[in-house]
Amino acid sequence: MRRKIALILSTTMILTSVLTGCTKDSGDGKSSSSKGGKYKTAKELVEAYVESDQDNMKMNMDLDLNVVMSSEGTEFEIPVTLDGDIDVAGDAYHGNMNMTMEMMGQSQEMSYEMYSAKDGDETIVYTYDENSDKWSKTSNEAVAVDASAIDKMLESDALNKADLSFKNNEYTVKVSIGDIMESANVEDKISEYSDSLSSMGLDEDMVKEIIDALSDSNMVYVFDEDLNLTKISIKDMKYETTIDQDGYTMDLSMELKLTIKCSDFGKVSEDDVTVPDEVVKEAVEADMNDLLEENMY
């Protein structure tokens, strides 16, 4: 039962990572029309954003995930908060994250330092866990965004469905998460990477179920007049399911809110995000779900 819950939590975190990204992939917005401003449609705005090559910045992330579990008249909550500061340069990033989780009367605080780097078609994430005092590395091949994701988005109909507005010298793009995942062929990739998902301890059917539940929610992207992506947010992302395992039934619901603010555009150097040689040497292969469970229990 605990592992099932941990997998649901980690799957939600992974999907959030896929949707937000760290570079221009985050700007895969769509839109109808706006009043005022140079750009009148989301497609026009995103095409200009892609051309501007704005993929160097500092990011601050705040995530709140509230899980409610109930069974046989008993109910308890698992509030999870995650905050962090991340330096991004191209496909790489370096960040420090802090997570707090409360469960069954116990509070867990976890601190991580993370590097991400491309290795061919894979994205390798190096993580330092303060609790275990060691570096580990995992491959995010199963959820890596295709390098042509923006091209696919621009070619799809998704950009014609979003809402674009212009106010106070800012462009706001409101995007259906379902349209984002459809244009990125997320469900097809789940099947394509079924072996990788299994190695991560993730259930393919469960991932698809979560995708279906989250498709109705929206993401909001805010750009300034210089085409800097200044803010990404998710609101009203909800998921409900019933877990039936080992003769025990539990109703579970989750609600997620996320805000990412971007700043200091063009001020992050490649040296700021390069994985140090000693980290590469020390890091051992790890399963991200096992790491999560080690810290949860």
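Trainee: Which residue stands opposite Val 67 in E11?
Mentor: That residue is Met 254, and in this predicted model the two belong to strands E1 (residues 56–71) and E11 (residues 248–263), which run antiparallel and are joined by 13 bridges.

Trainee: What makes E1 and E2 a hairpin?
Mentor: Strand E2 (residues 74–89) pairs with E1 in the antiparallel sense over 16 bridges, and there are 2 residues between the strands. Glu 72 in that turn has a positive phi of about 50°, while Ser 70 has Glu 75 in E2 as its bridge partner.

Trainee: Where in the sheet do these strands belong, and what makes a strand an edge strand?
Mentor: The sheet is open, with 12 strands of mixed pairing in the order E7-E8-E9-E10-E11-E1-E2-E3-E4-E5-E6-E12. Strand E7 (163–167) and strand E12 (284–285) each have a single partner strand, so one side of each lacks a neighbour in the sheet, and they stand at the edges. Elsewhere in that order, strand E5 (residues 122–129) pairs with strand E6 (residues 134–139) in the antiparallel sense over 6 bridges, and Asp 129 has Lys 134 in E6 as its bridge partner.

Trainee: Why is Thr 230 called buried?
Mentor: Its relative accessible area is 17%, and the word applies under 20%, so Thr 230 qualifies as buried. Thr 230 lies in strand E10 and, leaving aside residues up to four places away in sequence, touches Glu 170, Val 222, Phe 223, Asp 224, Ile 260, Lys 261, Cys 262 and Phe 265.

Trainee: How do you know that the buried residues of H7 are on the same side of the helix?
Mentor: In helix H7 (residues 204–214), the buried residues are Met 206, Val 207, Ile 210, Ile 211 and Leu 214. They cover an arc of only 140° around the axis, which puts them on the same side of H7.

Trainee: What makes a set of residues a nonpolar core, and which residues have the most contacts inside the largest one?
Mentor: The members must be buried residues of the nonpolar kinds, joined through side-chain atoms within 4.5 Å. The largest such core has 57 residues, and those with the most contacts inside it are Leu 45, Val 173, Tyr 221 and Phe 223. Apart from it lies another core of 7 residues, among them Tyr 115, Ile 124, Trp 135 and Ala 283.

Trainee: Which strands does helix H2 lie across?
Mentor: Helix H2 (residues 42–52) lies across E7, strand E8 (170–176), strand E9 (218–224) and strand E10 (229–245), and runs at about 110° to E8.

Notes
Residues numbered from 1 in each chain as written. Predicted model: local features only at pLDDT ≥ 70, side-chain atom pairs only at ≥ 80, totals over all residues. Heavy atoms only, no water. Pairing = 2+ DSSP bridges. Helix = DSSP H or I, 4+ residues; strand = E, 2+ residues; numbered from the N terminus. Contact = heavy atoms within 4.5 Å. Axes fitted to C-alpha atoms, helices over the stretch in contact; angles between N-to-C directions. Buried < 20%, exposed > 50% of the residue type's maximum accessible area, 1.4 Å probe, protein only. Arc of directions from axis to C-beta.
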